[in-house]
Amino acid sequence: MKYREILDYCIKSFKEKGIDKSKCTLDQTEKRELYFNNGSVSMFRTTFNTRLSLNAIKNDKLGSIILNKTDKASLDKAIKDAIELANASQPDPANDISEFQPSEDFTAGVMAPDNDKMYFRLNEFLNHVKTAYPITHFEEGGLSYIRTNHFFKNSNGVDYSQDQGEYQFMTMFTSKKDKKMSSFNYTYKLMKGLDEKLIDIVNLKALLKQSAEEIDAKPFDKKFTGEIIITPDCLGSILSPLMSHLGDYYHITGASLLKDKLNEKIASDKFTLRSDPVCDCYATNSFITEDGYKNQNAVIIEKGVLKTFLLTLHGSKKTGKARALTDGSNMSVDTGDTALADMIKNTKQGILLSRFSGGHPNNNGDFSGIAKNSYYIENGEIKYPVKEIMITGNALGMLNDIVEISKESIDYGFCNYPWVKIKNITISGK
Amino acid sequence: MLKIDLSKYKKEFTEYTELRVQENRSTNIVLVNGDIMDNSSSASSGISARVNKNGNWGFASNPVISDEEIEKVILSATENANFLGTKQSKGKVAFQKRPHSSQNEFYTKQDLKDQNAKIEFLKKLDDYIKSKYPDLSSRTLVLSALDMEKNMITSDGSNSYSMIPKAHIYAILNKNVNGENFEMFKVTGGSGQFEDVFKKPEDLFKEIDEAYNNLIEKTEGVYAIAGMKEVVLDAKIAGILAHEAIGHTTEADFVLSGSVAADYLNLEVASPLISLVDFAHTFRGEKCPVPVYIDDEGVKAEDKVIIENGVLKGYMHNKQTAMQLNMDVTGNARAYAFSDEPLVRMRNTVILPGKSKLADMIASIEDGYYLVQSSNGQADSTSEFMFGITLGYEIKNGKIGKAIRDTTISGIAFDVLKSVTMVSDDMDWNCSGMCGKKQPIPVGMGGPAIKCKVNIGGK
C-alpha cells in the first residue's frame, strides 16, 4: 500500500469496527547525516524511518497507538490494539477530531540532498576553525539533510500532506589552552541550501571568538540588581516558560499564570512575539497542526498585549477557550529601534547573557540559574567574560521589564530573535 | 520476538561491522484531575549496521526487518564508510578485540496486565488523592514504561540478546495559596516491567502522603538566601551530582574534546571521602537499576572506578576512545534506538556510601540548607553544574528549619567534591530520568547524603 492508501485502510477499518471518530498520521523520514569530532568528519549515516500514529475515539474514549511498520499484519494488529485501548479508557467529551476542510498538499524546502556538497561545506568549516580558532575544540556536531513526507487523515474527511526537506547544522564546542578552559557553547541552524559557508551562518563567528576569550573568564564576587542583555542565542530558552503557560497542560490544570490575561497587557509595549509556521522566510514550515488544521501565521503578543493562547482542539474543548490558529512554531520577536552597540553603551551595570543553564521556573515563573558564556558590562562597556555567576528573576515578570530591543536579529531557520535588554534582575557571584 | 539468528549475515561483513536488531516498546498513560489525557502504546523497531573502514564510520538503518533489508543495511553502511573513504583516509584502525556472548532478559514472570488494569491502577491512586486532599488545585499522574529489546552481533566475535525494562509513576500535586501556585512531584518505580514494579495502588499511598506534606511545607516556605552555603545534599540528589557534574566530564569522548577531567588523571580531585564508580550491572550483589552486561559494540560491560578515595582513576570508553587514549575498553558504548549508533554513555553511576549518619551531618551545620529533591540538572565540560531544587529546608543551629521555595544550586563539581566533609552510610538509587546526549538513554544513578559547599540561588 502507498502512503495515502495506508491511512485510508486504517480509517476504513476503524469505521467498520464501530469507531466513531479516528485520526491517522504517517511520517516517512529520510536522513543523511555527516558527523564530526576531534576536528574531522567521522561518520556518514543514512537512516529511514516510519511513524504511523493511530487514534481511535469510541463513545468519547480515546486510544492511541504509535508504530513504525506499515505491512498489513502490523496495521491490523495496531487497529485492534487502538480499539482495545479506547475501550479501556474513560469517556471525555474533549476527545475530538478536526472538522472537514478541503484537501491540500504542501511542499517546501529542498527535495534532494547533495552529499558531496555537504562534505565539502563541513570540511571547509572544520579546516577554517582549525586555523582561525586554534584553541577551540568540538564536542559534537554535524550537518544533516532531513526529508519528511507527512500525511494526515481523519474520519471527517480531512486529508492533508506535507513534503518538506531541509539541511540542519549543529555544533557544540569549548576552548582550552594549557589548563584554562571555557564553558561549552553551541549553535544550530536549519537551511534551505548550502550556498553559504557554515562559518558565516547565525552568530557562529562571534560565539567562537567569545569561546576562546572565555578561557580567561573571571569568577564574579559582586551581587547587584542590574540589567541583562539576552542574546538571540539565549532568548529562546528564556521564553520557553512563557510557551508553557500558553499551552494545554497549564490551562487544563489551572496553573497558567496567563489564563485570565487574554487581550491584556502582559509585557512591555516594545515586545511583539509571532509564530509564523507557514512563512516562506523560514527554512522549515509546519503547514498542518497536530490536531488536523491548516496552520496559520499569528501574532501571540502584540505590543505587549496577549492576543492568543496556544491551545489545541483538545485544550480548547477542555477549557472552553478558543483554539489557537497557530501551533506556536517558527517564533520570532520583532526587532526594536536600538542598535546593539547602543544597548551596551546604555547599560550602567549588567551582564551580556549568551547562554542560560537554569532550573525549570516554578509555577509562579520564578527562576534562577547560571549565566554561561557571558560578559560583565559596566558603564557602557563590555569589561570581561565572567563565570560562576547566578541570575534570579521571574520569567513572566521580566517581560514587563524589557528596556530595549535591538535593531539586529538572527535567523536560525526556525526562529528569529533580536537582543533584548531586561532590568531588575538579581545578579550574584560566589 | 527479536531472537533471530544474526550469525548468517556475517558473510556480508567486509570490514569491522556491528549489526543490531532492536525494538523499544513504551506505554504512557496520563491522568489530569481524573481525566485521561494520554492513553497510548508505541513500538519502534528496526535494524542498523555500523561499519568502520580506514577510520571512517558508516551507519545505516531501516525499520523493515527482513533478510533482504538486513543485507541492504549492511551494504549501505559499508558504502557510507566508503563514501567518506573517497574524501579522507584516517588509516587502519585496531580496536581491542574482546569477543563476548551475553543473554539477559528481564520479562516479568507474572501474568501481563492489560491497559485497562493499568488505567484502573492509576484511577485508584487518583481517587485516593482526590478524596484525601480535596484542597489540591490539580493532580497529575503519569505512568511511563519502557522495554528495550536488543539482539546484536559484531564482526569481531561478540553476540548478545537483552530485554531491559523500566516502569515509573510520576505524581504531580498542585496547590493554590493566595493566588500563588505551588507544585510537588514524586516519582516511584524502577527497573522491571509494570507487573514487577507496581503490585497495588495502596503501596504508593505513603509516597503520596509524603508528597502532599512536602507541598504544604513549601506553601509556607521561605526564599533561600543567595550565596555560597554549607549544605547537606540528600542521597536523592547525590546521584544527579555523580552523573551530571562528574560523570559526563569523565566520558572519554568528552575527555578527547577537552573536558576538564583530561588534566586530572591520577590527581586528587575530591575529598578522600569520595569514591565514584560507574557500575555495569551489579552493586553489592543486587541488580542495578539499568543493568548492562554487554555494550552495543559487543564489549563485556565491567564496573569502572572513576574516583577512588578522592583520586581520579579513569574514564568511560567505547572502542574508539579506548584506542585513541590507549586505555582498556569499559563497555560504555550504548545506543538508544535501532536507528542510533552507540555513544559513550554512563550506566549506573554512584558515589559510594561513607560512615556518617544523616542526623549528625545536619546537626553539624550552623547556618545552611538541607536539599532533598531536584528537578532538572545540567553540567558543563568545566564540571560547572546546575540543579533545580524542588524540596529543601533551612538548617539553623543544627536543626531543620522552614522549607525553602524552589531554587537552583550551582558549583564547580570538582571544587564541591573537595569541600565534602561528611558522607552518609545510606544510599538511594534512581533511574526515573533519561540522560540526553544526542540521544536519550536510560541511566541509573545514586549515592549517599553528602555535606559540602555550593552556591545557592535565591533572594
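This is a predicted model: local features need pLDDT of at least 70, side-chain atom pairs count only at pLDDT 80 or more; totals for chains, interfaces and linings use all residues.
Residues are numbered from 1 along each chain as its sequence is written, and chains are lettered from A and ligands numbered from 1 in the order in which they are written.

**View 1. The two domains of chain B.** Chain B is divided into domain 1 (7–219) and domain 2 (227–456), with bounds that come from an automatic or database domain assignment. Their C-alpha centres are 22 Å apart. Across the boundary, 37 residues of domain 1 of chain B are in contact with 25 residues of domain 2 of chain B; contact here means that the C-beta atoms, placed from the backbone, lie within 7 Å. On the side of domain 1 of chain B that touches domain 2 of chain B, the largest share, six residues, belongs to strand 2 of chain B. Strands (E, at least two residues) and helices (H or I, at least four) are DSSP runs, numbered from the N terminus. By class, this side of domain 1 of chain B has nine nonpolar, 20 polar and eight charged residues. Ala, Val, Leu, Ile, Met, Phe, Trp, Tyr, Cys and Pro count as nonpolar, Asp, Glu, Lys and Arg as charged, and the others, Gly among them, as polar.

**View 2. An open sheet in chain B.** Six strands of chain B are arranged in the order 13-12-9-16-25-22, with mixed pairing; two strands pair if DSSP finds at least two bridges between them. Strand 13 (311–312) and strand 22 (428–430) of chain B are at the edges with a single partner strand each, so one side of each has no neighbour in the sheet. Strand 22 of chain B pairs with strand 25 (residues 444–447) of chain B in the antiparallel sense over three bridges. Look for Trp429(B), whose bridge partner in strand 25 of chain B is Gly446(B).

**View 3. A helix across the strands.** Helix 5 (residues 235–246) of chain B lies across several strands, including strand 9 (276–279) and strand 12 (304–308) of chain B. Helix 5 runs at about 120° to strand 25 of chain B, with axes fitted to C-alpha atoms, for helices over the stretch in contact, and angles from 0 to 180 degrees between N-to-C directions.

**View 4. Where chain A meets chain B.** This contact takes 62 residues from chain A and 65 residues from chain B. Strand 2 (residues 40–58) of chain A gives the largest share of chain A's side, eleven residues. Strand 2 of chain A also pairs with strand 3 of chain B in the parallel sense over five bridges, and Met43(A) stands opposite Trp57(B) in strand 3 of chain B.

Technical notes
Two residues are in contact if their C-beta atoms, placed from the backbone, lie within 7 Å.
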